[in-house]
Every structure is written in C-alpha cells, then in structure tokens.
There are 2 protein chains.
Amino acid sequence: MPERLGEFDLIRRYFAADAPRHPHNKLGIGDDCALMSLPPGQHLAITADTMVENVHFFADAAPEDLGHKLLAVNLSDLAAMGAEPFAVTLALTLPKVEPTWLEAFSRGFLTLARRFNVDLIGGDTTSGPLTLTVQAMGTVPSGAALTRSAANVGDFVYLSGPVGDAGLGLKIKQGYRCSFPEIPLRCFHRPEPRVELGLALRGIAHACIDISDGLAADLGHILTQSRVGACLDWAALAFSDAMDAYLAESGDWRLPLTAGDDYQLCFTVPPDRSAAIPAGCRKIGVIEVESGLRLRRAGSIELLEFTGYEHFL
Amino acid sequence: MPERLGEFDLIRRYFAADAPRHPHNKLGIGDDCALMSLPPGQHLAITADTMVENVHFFADAAPEDLGHKLLAVNLSDLAAMGAEPFAVTLALTLPKVEPTWLEAFSRGFLTLARRFNVDLIGGDTTSGPLTLTVQAMGTVPSGAALTRSAANVGDFVYLSGPVGDAGLGLKIKQGYRCSFPEIPLRCFHRPEPRVELGLALRGIAHACIDISDGLAADLGHILTQSRVGACLDWAALAFSDAMDAYLAESGDWRLPLTAGDDYQLCFTVPPDRSAAIPAGCRKIGVIEVESGLRLRRAGSIELLEFTGYEHFL
C-alpha cells in the first residue's frame, strides 16, 4: 500500500539523502531556492527537457530506465555545448505516490547523476499526469561554448558514433523483429550522454549539437544558424549490425537520418584540427557555401529536408 | 483554426521575439543550452515550480492570469531568498497549439518578466496534459541569502501584508458569496511577488520564506529548520475587509493561517534591527526556544499544527 507521504517527505526520502557534493553547489534541496557559485571566467550553461508519458515514453517504461534517460537527455544538451555538468533540478508531476516506482526511478536518475558528479539541488513535486522536467546546469569557460551558429564553410562534419539505433529500438518496441535487438533497445532505453566528448571538443570543434531530433533535423539547425549548407557521404556513416540488417531488409535508408532519440554529437571541425578528433568519431561530410543538406549516396546526390521529430505536427 | 506550427516556430513566435536584455544573460533561446555569467561575489539562486491543470488551476483559468501567476510564484521564491531575478526557463506541456491561448499566456508571462528585467532564456515545449514548469534564477551576494534555517530565539516574526486572501479567493471561486471579492480574487489570480521587499531585507532579516503553502506550514519550515519555536499574536495579523467579513460571518479563524497560494513574505528580524523594516510589514510574533507554533488568541494560547497544502495527502 502506498503510504501517505507529504511532498516534503517524498522529496527527502527518494531524492535528497545527501547534501550537495560538488563544490559549486552551496545549498541544495530544502529552502526557497538552491544556491551555487561559479568559478571566475566560467559561464553557466543551462538546458531544460521535459518527458511526458505516452508522448516521450510508453506507460510500461521501466522506471529505472526512465530516470536514467530523463537525466541523460539533459546532460546530452550540456555535452553538445562543451559544458561540464554539476547540478540539476527535477520537476516531477506524478499521478500518485508509488514507492516501488519512485525507488526505481530515483535509482536510475541518481546513479547517472553520481557518475557525472552532478547534484540534485532542487525542484518541485506535484500531483497530475506523469510529466518529468529536468533542468541541467554546467560550466563552460567564457567564449569556449560550442554553439550551433559557429560552423564555417570548409569545416568537416563529424558524427560521434553509429546513427539511428534509438529509432530502430522504437521500431523493435513497436513489433519489428530484429536479430540483434540489444544495441537498438539499449540506445532507446538507456542513452549515453557524450559528456566527456563534449569537453574534449572544446577548442577543436566549431559548431556542435546532439542529434536528439534526428541527424538531418539537428544538422539542419547548425546549417540554418550558421547560414551554410553541407554535403554528407552515406558511405561514411557508421551503423550497428542491427541497423545494417534493417537497411538490407527494408531499404529504408531515411530512418537513420530522421529518427530521433539518438544522443551522439554532430560537430564541425576546421580541417587543420581534424587530427585532434577523439577516436570513434567519423568524418561524414563537409560544410559548403550552398545552403541545404545534401546526401551523396549510390552514385548520386540528393537534397534532404531538415526533417525530424517535432511535437504538434 | 490552429495552424500547423512546429515546436521551434511555436517557441519563437510567442516567447522569443527578443534576444536577452539582462547583461548576465549571454545566450538565450535557440541553442542546446542558454549561457549566463555571474558577477564576482554573487551566488546564483535557483528555484523551480510546476503548475498542473485541475490541481493548481481550474481548466477555465484565464491564460493571461496563468502566465502571470506561473512566473510570479517562482519570482516569489527568489524574493524569499533575497535574490534579484534575471532569467527564467519555461517548460510548457500543452494538449494542443491554440494561438489565442498561447498569445494571452505569453502576454501575462512576459509582461511580468519585463517588469522585473527577467529574460526567458530557454525551456522546452512538448505535447501532453497541460503542465507548466518554470525555473527562475537570480543573484544574491555570497553569504547574504535569507535562508529558512537562520531564525534566532528572540527574533521578531514579521509578515509583509494581509494574510489569507488567496484562500478566500479560492472559496469565492467555489461559490462563497463575498461583498468585497476584488482583493481576494486578485490575490488568487494575480499574486504579486515581493521581489523589492526581499532585496530590502538583505542584511536585516535572518530567516525568510514566502507563505505559498500557508502561514502555519511555511513558518513551520523556518521553525523546524532553525530548531526553534514561535508564538504568534492573532491581534497583530492584518486582514483585508473581505477577510474581516468572512471571519465575522464564519468564525473560521484557521483559514488565514492554513490557506495556501499567498505570496507575502514571513521573516524573522533581531529586535535591534526592527526599526529598519520596510513599511507595510507587521510584527506578528516572536521566536522562542520552545519548539512548536503557538497562537495567542482571545485570551488563550493554543498550539497550531504546521498544516498547509500538500500534494498527495
């Protein structure tokens, strides 16, 4: 039986066992506000992402995965900016208090938080339809942030790993039979934010973005905000064995370019710095003067739309 | 007819017409993160509050009021910390895109934001049941924050204005007939965050809190976290004409002590600083060694529970 827990007890029991550990965090949960300081020369990078039941996750999603993913997608935005995370707030709207659910959710959330030395410093707990909002905060040296508007003509376009696996994971959840479902399902349920990579790209990359809305849509944001275009090389894209099998079977080559929920980083680098790119990243194209996103594939070039996942469409 | 607006167009059209104006805000909406800087010697104060349809507001709430109130309740938490607001993020979960609703909501939100020189620097827009989360950020000089744990025995307890009007406003919404409904309804729909007062209390007040969960509950937080007690004087409380009439008619003297959604500040001040208290604030009691909250009323003293509004109870 759920116990009759007040809001304050609830927060305390599942989320606020410890005082903040990171030295930037001066006051955590329990007052009207949390307090933090910034070292000299550092900017604060801030991002917020919401996940809604039956929109961003299925009602049967494992709460531990959900806690992990909710934090991961926010840390990924910090990574895409080259920022080092240290604090998050959590706004939790819950239909009811279910200790088993909360225990698993907080375990998934806090395990990832501890791995990146991130403190949960505040938030709100309310009753209502299951809706989860995290705001994540990190530091980046003044002037060192990797913005979407910083791509230059002639930059090489890189991608930090295989593309499309989360989209394939969603297809598997929806009934597609795959012989190698582990990686796609893991990408879908337990995405890994590329925090260390984002930090390693400071001073190397020009523009950077995570591909949470899909490669074409998110690279499209870089192109639009940098007022440039790009040409990608299909043969340079990395795919998992599962994606190779899916592509061979379905011919659906648009999936890895448009499926969302991937958390690799896509970034642009001037050619003379390309030797410094961390291992595992692949050069997949080049930034060009001509606007638009082009794909070289099977001997021809075609124009891609900046299409990805959008709400309300 | 609602237009088919993408998430990005939606945010841009209603909320992000302008680049950030406050000098602390270096990058606003449109990238993976927003960026801000802090002046030397300042801490960042952060708070997050969520409002859910049919829990925190009625489905027929005027969207302009809702936009105002959502921001006001967050600015109130900064005020209670003695912090000066400069930035907010907004996580907006909407069942559908209704331009008329969004236009009014953003007008209420942004009008209040501009009044306090606060920039909307980021957030998220998702589809789902109407749920609104704001995170507000402000600066407070290192060591100057007004925390809940700073009350000392012998401090006077102050309240910044009349108490209970929002609770009475709710009763009016629910059918109670009141001869002077304007002030209670205004307090309920359009609460005023006491930002300037919070700033004026730096260096004067010890502990401070806003009474959004009700006077007894929120003063209870100060008492618990400061490990002290208090005795309040009923005769010292200020009431609106509407509340006076309600009390005379109903005898329900607990309402103003327990009703939530009020945004006056309750704070404690050492007696030798009481001459510096801004006008309009009333001394309503004193901090004592003995734990618990007592009320002197009609010639006797009774113990009050720290009862207010809690979710899930």
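## A pair of residues across two chains

In this predicted model, A:Leu44 stands opposite B:Met36, which belongs to strand E2 of chain B. This pair has its setting where strand E3 (residues 42-52) of chain A and strand E2 (residues 34-36) of chain B run antiparallel and are joined by three bridges. Strands here are DSSP runs of E with at least two residues, helices are runs of H or I with at least four residues, and both are numbered from the N terminus; two strands count as paired if DSSP finds at least two bridges between them.

## How the model is described

Residues are numbered from 1 along each chain as its sequence is written, while chains are lettered from A and ligands numbered from 1 in the order in which they are written. Because the model is predicted, local features need pLDDT of at least 70 and side-chain atom pairs count only at pLDDT 80 or more, whereas totals for chains, interfaces and linings use all residues, and side-chain values use heavy atoms, with hydrogens and water left out.

## A sheet built from both chains

The open sheet around this pair has six strands in the order E5(A)-E4(A)-E6(A)-E3(A)-E2(B)-E1(B), with mixed pairing. Its edge strands, each of which pairs on one side only, are E5 (119-127) of chain A and E1 (25-27) of chain B. Within chain B, E1 and E2 pair in the antiparallel sense over two bridges, and B:Leu27 has B:Leu35 as its bridge partner in E2(B).

Helix H2 (residues 63-80) of chain A lies across E3, E4 (84-94) and E6 (131-141) of chain A and runs at about 140° to E3(A). Helix H3 (residues 99-115) of chain A also packs on the sheet, touching E4, E5 and E6 of chain A, with its direction at about 160° to that of E4(A). These angles run from 0 to 180 degrees between N-to-C directions, and the axes are lines fitted to C-alpha atoms, for helices over the stretch in contact.

## The contact between the chains

The contact (heavy atoms within 4.5 Å) takes 66 residues from chain A and 66 residues from chain B. Between the chains there are four salt bridges, a term for a side-chain nitrogen of Lys or Arg within 4 Å of a carboxyl oxygen of Asp or Glu. B:Asp32 forms a salt bridge with A:Arg148, where the closest N and O atoms are 3.3 Å apart.
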